[in-house]
2 protein chains.
Amino acid sequence: MKIICRKSDLVKAVSIALRAVAVRSISSIQECILITAAHGYITLTSNNLEMCIETKVEGEIEVEGKIALDAKMLSDIVRKLPEEEVTIRTDDHMVATILCGKAVFNISGKDGEDFSGLPVLEKEDRIEISQLTLKDVISKTIFSIAQTDSNRILTGELFEINGSGMKVVALDSHRVAIQRVELKESYGHKKVIIPGKTLNEMTKILSGEADDIIGMYCLPNHVIFEMEGTTVVSALIEGEYIDIDRMLSRDYETKVKINRQVMLGCIDRATLFVREGDKKPIIMDIQDGFMKLNIDSVLGSMDEDIDIEKEGRDIMIGFNPKFMVDALRAISDEDVSLYFLNPKAPCFIRNDKESYTYIILPVNFVR
Amino acid sequence: MKIICRKSDLVKAVSIALRAVAVRSISSIQECILITAAHGYITLTSNNLEMCIETKVEGEIEVEGKIALDAKMLSDIVRKLPEEEVTIRTDDHMVATILCGKAVFNISGKDGEDFSGLPVLEKEDRIEISQLTLKDVISKTIFSIAQTDSNRILTGELFEINGSGMKVVALDSHRVAIQRVELKESYGHKKVIIPGKTLNEMTKILSGEADDIIGMYCLPNHVIFEMEGTTVVSALIEGEYIDIDRMLSRDYETKVKINRQVMLGCIDRATLFVREGDKKPIIMDIQDGFMKLNIDSVLGSMDEDIDIEKEGRDIMIGFNPKFMVDALRAISDEDVSLYFLNPKAPCFIRNDKESYTYIILPVNFVR
């Protein structure tokens with residue numbers, strides 16, 4: 001194999017491929033990135049057996065071929081190369097020589113024959129979505145997935161497409177995050193659970209440009225994401241997702257409108273008195289025109305008043321401050337509306353068109 | 001005690017005082033910052049028994065007094081306060097109430113009576129130096145101090161003042177870093193060894209402005225640094241520093257002039273093949289007009305040619321790449337001059353007026 005490409009193109013492609021490289025894998029070949037030069041394309045492939053990435057590099061092929069190179073070593077080398085043309089060539093002993101400017105690197109690689117590449121799948125029902133939107137809905141829900149494996153379904157997110165509506169749900173035993181977006185076209189009903197890990201990596205690959213389109217294929221056991229030059233294939237989580245529609249009550253006794261940044265600042269200060277593992281709730285005492293926020297711990301106490309607009313009854317209710325902070329940070333509106341039923345019932349944070357809904361369970365407290 | 005000050009002033013003073021707070025001290029009082037309001041001044045004091053800081057905060061004293069507050073807690077609270085006026089008041093039970101905007105914090109403090117404050121020392125022979133210069137000479141030498149305590153003297157830096165010249169030296173068993181600066185005035189001979197820890201903290205306190213002056217007092221057992229509003233006192237390291245003058249040979253057989261950034265980039269690439277704890281040297285093969293840099297390890301190999309200007313003999317010599325990188329990074333000149341005698345003798349990197357000298361011992365290698 002002998003290929004020539006620009007350093008910047010190579011760095012970009014390697015950094016994408018790196019996201020699906022296996023770490024401490026049983027088969028060390030999957031800790032490599034496979035470089036393939038064939039049929040006029042240079043492609044980099046990585047596969048950690050849950051997720052697989054194939055990405056193209058612009059460049060010139062002088063001799064076709066392939067080689068698997070240790071991903072970390074390849075990434076470290078290409079990032080440190082001078083900003084010039086890079087040549088990668090292989091010899092008969094699977095040694096790769098990387099030339100750039102006056103620098104010459106020799107590293108040993110592996111034959112690409114044993115490398116598990118992109119699975120062959122039948123692609124049908126392409127769903128199109130802006131990369132910005134996809135990145136956005138993931139980052140505004142992903143913090144709510146369960147961190148432990150005890151219920152594997154909860155370590156992923158539900159993606160449900162129905163007509164032109166897409167709903168994304170993440171939940172653990174204390175909270176729910178829901179995002180709804182409108183797609184440009186209408187599609188048949190699709191419902192898949194995508195692993196949280198895959199989604200986390202996707203947020204790093206997605207361009208964040210509204211005009212860049214991603215094609216998404218929801219297959220029985222896989223999801224495929226197709227971007228310009230890059231394809232990501234991920235296994236799905238099998239099983240039936242929790243039915244959240246029955247949780248979505250619209251009843252409330254108290255509605256509070258509050259400045260999001262002011263509330264965030266206040267909770268941030270209150271959490272000074274919460275130590276890791278400590279379950280101290282912040283207590284909200286909601287009255288006409290203001291909310292008293294209080295925290296009381298062995299370390300000290302804090303009280304602060306925040307101006308609010310209130311409809312309905314007064315209420316006093318306690319929350320894990322972290323869950324409140326996560327939800328408030330995921331919202332970009334200046335003011336947010338909080339809906340309460342009683343001190344034992346979850347709080348809903350949602351906007352009128354329900355493009356987002358965050359549900360947080362309250363915490364008992366002693367007064 | 002009751003004091004009122006601006007949040008920004010308080011944050012700045014606390015972050016300075018924090019640098020001398022004891023960590024896991026036997027006497028937990030030294031983990032506090034002492035706030036004193038007396039004689040028209042609000043001062044914060046910290047003392048980890050090696051180093052002591054006293055810094056003033058602008059503000060208003062309504063009731064004189066003092067209180068020692070847990071440094072970490074105080075720092076966390078003040079940083080998170082809204083940008084408004086801060087009031088700190090104490091009650092008879094040594095509880096401090098911090099008020100800012102609509103936020104009220106209560107934390108318990110300690111009586112300041114047991115707090116070890118700034119030692120009382122006779123200040124004489126003030127040496128004046130620009131804060132920028134002091135910060136600069138420390139940061140360009142500190143990486144060369146010994147990291148282990150086996151020879152305590154080497155964990156500090158020698159500061160020697162003679163007339164209007166100040167020489168700063170840091171060394172471990174593999175290398176030496178020397179900086180020389182001209183002071184504005186002339187002073188009597190002074191020679192002190194200042195602990196590396198103190199100097200590290202000083203680089204964070206010093207303003208980095210050429211016009212800000214610092215007063216330095218070299219006393220028998222202490223050094224005092226006096227800045228606008230802040231005084232730092234540090235214990236000195238006792239003993240006799242290594243006599244470096246006899247190492248400073250000016251003989252050489254080979255002189256090389258090289259672009260500093262190009263050499264740094266090249267060594268940086270070579271170190272990809274060096275793993276932690278591995279003692280692989282980089283080998284410089286110096287010939288007319290160019291230097292071949294080579295590294296060869298189990299991970300792979302790299303070769304690169306760099307254009308140089310050479311005077312004298314050809315030489316092949318090996319170095320620990322980290323030491324070379326540290327020295328080259330500390331220099332700001334575009335081109336540097338390297339002087340070699342033979343493959344067993346140290347390499348000197350210095351400019352003509354010797355405002356800096358870096359000496360690095362070579363490493364044996366097998367070819």
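Reader: Let's start with one residue. Where is the place of B:Thr231?

Author: B:Thr231 sits in strand S15 of chain B. Keep in mind as we go that this is a predicted model.

Reader: Is B:Thr231 buried or exposed?

Author: The idea is to compare the relative accessible area with a cut-off, and buried means under 20%. B:Thr231 comes to 17% relative accessibility, so this threonine counts as buried.

Reader: And what does B:Thr231 touch?

Author: Setting aside residues up to four places away in sequence, B:Thr231 touches B:Cys52, B:Ile53, B:Glu54, B:Leu118, B:Ile224, B:Phe225 and B:Glu226.

Reader: Could we try a residue in a helix? Where is the place of A:Leu134, and is A:Leu134 buried or exposed?

Author: A:Leu134 belongs to helix H3 of chain A, which covers residues 131-139. Its relative accessibility is 0%, so A:Leu134 counts as buried. Leaving out neighbours within four places in sequence, A:Leu134 is in contact with A:Ile129, A:Phe159, A:Leu206, A:Ile214 and A:Phe225.

Reader: Now to aromatic rings. How do I read a ring pair?

Author: A pair of aromatic rings is described by two things, the distance of the centres and the angle of the planes. In this model the count comes to ten aromatic pairs over all chains. Take A:Tyr252 and A:Tyr339: the ring centres are 4.9 Å apart and the planes stand at 70°. Planes over 60 degrees apart count as edge-to-face, so this pair is edge-to-face.

Reader: Which parts of the chain does that pair link?

Author: Distant ones, 87 residues apart. A:Tyr252 is in the loop between strand S15 (230-235) and strand S16 (254-259) of chain A, while A:Tyr339 is in strand S22 (residues 335-340). A:Tyr252 counts as partly exposed, at 34% relative accessibility, whereas A:Tyr339 is buried, with a relative accessible area of 6%.

Reader: What do B:Tyr252 and B:Tyr339 form?

Author: An edge-to-face aromatic pair, 4.9 Å centre to centre with 70° between the planes. In chain B, B:Tyr252 is in the loop between strands S15 and S16, and B:Tyr339 is in strand S22. B:Tyr252 is partly exposed at 35% relative accessibility, and B:Tyr339 is buried at 7%.

Reader: Which residues do ring pairs link into a cluster?

Author: In chain A, ring pairs join A:Phe143, A:Tyr356 and A:Tyr358 into a cluster.

Reader: How should I think about the two chains together?

Author: Two copies of a chain are related by a rotation about an axis and a shift along it. Here a rotation of 180° with 0.0 Å of shift along its axis superposes chain B on chain A, with an RMSD of 0.0 Å. That is the relation of a two-fold axis. The C-alpha of chain B nearest the axis belongs to B:Glu276, 16 Å from it.

Reader: Through which surface do the copies meet?

Author: Through the same surface, because 100% of the interface residues of chain B are also interface residues in chain A.

Reader: One last feature. How many cavities of 30 Å³ or more does the count come to?

Author: The count comes to one, and the largest cavity has a volume of about 30 Å³. Its lining consists of A:Leu248, A:Ser249, A:Arg250, A:Phe348, A:Arg350, A:Glu354 and A:Thr357. By class, that lining has two nonpolar, two polar and three charged residues.

Conventions:
Residues numbered from 1 in each chain as written. Chains lettered and ligands numbered in written order. Predicted model: local features only at pLDDT ≥ 70, side-chain atom pairs only at ≥ 80, totals over all residues. Heavy atoms only, no water. Least-squares fit on C-alpha atoms with pLDDT ≥ 70 in both. Contact = heavy atoms within 4.5 Å. 1 Å grid on protein atoms, 1.4 Å probe; cavity = no way out; pocket = protein on both sides within 12 Å on 5 of 7 lines; lining within 4 Å. Points joined across faces, edges and corners; volume = space filled by probe spheres on them. Nonpolar A, V, L, I, M, F, W, Y, C, P; charged D, E, K, R; others polar. Phe/Tyr/Trp six-rings, centres within 6.5 Å; stacked < 30°, edge-to-face > 60°. Helix = DSSP H or I, 4+ residues; strand = E, 2+ residues; numbered from the N terminus. Buried < 20%, exposed > 50% of the residue type's maximum accessible area, 1.4 Å probe, protein only.
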